Amino acid sequence: MKPSILVCGTGLVGLAAAVGLARAGLSVTLLGPRRDLPVFGPDTYCPRVYAISAASRSLLQELGVWGALDARRIVPVQAMDIAGDASGRVALDAWQGARDELAWILESTALERVLQHAVPMVGVTWVNESFESLRAGQVRTSAGHVFTPDLLVGADGAASPVRTAAGISHSARPYGYSGVVTHLNCSLPHQGTAFQWFTGDAVLALLPMPDTAQGPQVSMVWSMPQSRAQELMALPPEARAAWLEPGLRAVTEGCLGELSVRSGVHAFPLSLERSGMALPGVALVGDAAHRVHPLAGQGLNLGLGDVQALIDCVAGRQSWRSPGDERVMARYRRARAEPVMRMALATDALHRLFMIDAPPVVMARNLGMACVNRLPFVKRLLIQGAAGSGLLRP
Ligand SMILES: Cc1cc2nc3c(=O)[nH]c(=O)nc-3n(C[C@H](O)[C@H](O)[C@H](O)COP(=O)(O)OP(=O)(O)OC[C@H]3O[C@@H](n4cnc5c(N)ncnc54)[C@H](O)[C@@H]3O)c2cc1C
């Protein structure tokens, strides 16, 4: 009999884990609610978009879902323009790293839909119930069904009931910040460039999106103090645009022309979270395992990196070992320790660095950016980093 794996959580990371592990020849059951996904017309877009790194794209290609995405709704990012809070600026172009693209912007629901379709195609059984408890290796669902998997994969998001039930260590530090997201019309073309501005106590990112009948558009992620985001979200929807647009104009200084809100505005609280990743019989992936500041746009990429590592460790184990064997789990933990730590430290350090408003620090960080901008080999390293594990947004 094939070893059995139970993947708990049906977000993007859980779906990718279920499909990937099944393609690696394991018997996989997926446990979690099946979301009915909204269908967007030609000129409307999912509010949540992701900057997908080259490493994540390769995984999605291996899972057989990348080619099923509508290419007209994916935007390749050819350049990044990062501005400090004084004169500092770093401009990265894909050609400087001998690449055609730095990343790809795609809609969350589009990816979720193709992954949902792939689940039955690779023989995964989807149990549309919730994880309830874990006792002595037995998982009980909300409907009272019982599973005894060789490996339980917790892909159940930041609050992860699997992590709590398994007793895997976890630490969380709220930033006191929120990521405010919406889509914007712009009167000038974005030319496949992702923009980012560090403005003291906030970080504004504008990601290129497909052109619409009204002209070019970008997707906004504005990380701002929670109190400011709450003030914005307390306004009636029509007043939010009047709140956002003057601020956008001031920060972007017209580099994308006039910016106007074209969709709903949503806010997500930000936190830095880390966990022990795995214990014998249980592995965590995605936000269940870690959460990082979105200024590098890498949370999902980190989660897909977990999926790739878990597939490698489970598929590469000695045949007599169970997928949840202590050694296999230790290997998985080691494989993810460095990439997760690097991303958590890099995003946290950048966030803290730009929070300091002492003039010498402001001068030093902007000078540092200006230096990086003049050093082609450093730029090449940054581009390689962003493509592989991902360091910068996108
Ligand atoms: C503002 C913002 C912008 C971001 N931008 C980017 C970006 O550009 N690029 C990027 O890579 N990342 C980005 N991220 C991070 C990214 O959104 C997350 O890392 C990613 O969505 C995590 O996916 P997940 O599947 O691990 O978790 P989730 O999407 O939270 O999925 C968890 C799943 O578990 C299910 N579940 C929960 N409890 C149970 C239970 N008891 N039983 C069964 N199922 C359960 C839920 O229903 C859900 O389906 C951003 C984050 C924020 C806040």
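1. Of the 394 residues in this protein, 54% are buried, where buried means under 20% relative accessible area, exposed means over 50%, and partly exposed lies in between (1.4 Å probe, protein chains only). This is a predicted model: local features need pLDDT of at least 70, side-chain atom pairs count only at pLDDT 80 or more, and totals for chains, interfaces and linings use all residues. Residues are numbered from 1 along each chain as its sequence is written, and side-chain values use heavy atoms, with hydrogens and water left out.

2. The protein has 10 helices and 21 strands; helices (H or I, at least four residues) and strands (E, at least two) are DSSP runs, numbered from the N terminus. Among its contacts with a separation of 6 or more, 73% involve residues 24 or more positions apart. Contact here means heavy atoms within 4.5 Å.

3. Have a look at α2 (residues 54-62) and α7 (residues 299-315): their axes come within 9 Å and cross at roughly 50°. That makes α2 oblique to α7. For reference, axes are lines fitted to C-alpha atoms, for helices over the stretch in contact, and angles run from 0 to 180 degrees between N-to-C directions. Angles under 35 degrees count as roughly parallel, over 145 as roughly antiparallel, 65 to 115 as roughly perpendicular and the rest as oblique.

4. Who meets whom there? On the α2 side we have S56, L59 and E62, and on the α7 side N301, L304, V307, Q308 and I311. By class, that contact of α2 with α7 has four nonpolar, three polar and one charged residues. The buried residues of α2 are A54, S56, L59 and L60. Just after α2 comes G64, with a positive phi of about 80°.

5. Next, L37, in the loop between β2 (27-31) and β3 (49-52). L37 counts as buried, at 16% relative accessibility. Leaving aside neighbours within four places in sequence, L37 is in contact with T109, E112, R113 and Q116. L37 and Q116 are 79 residues apart in sequence and 9.9 Å apart in space, C-alpha to C-alpha.

6. Last, R321 in the loop between α7 and α8 (326-353). Is R321 buried or exposed? R321 is buried, with a relative accessible area of 11%. Its side chain makes polar contacts (a pair of N or O atoms within 3.5 Å, one able to donate a hydrogen and the other to accept it) with the side chain of Q318 at 2.8 Å and with the side chain of D325 at 3.3 Å. Leaving aside neighbours within four places in sequence, R321 is in contact with R327 and V328.

Methods:
Nonpolar A, V, L, I, M, F, W, Y, C, P; charged D, E, K, R; others polar.
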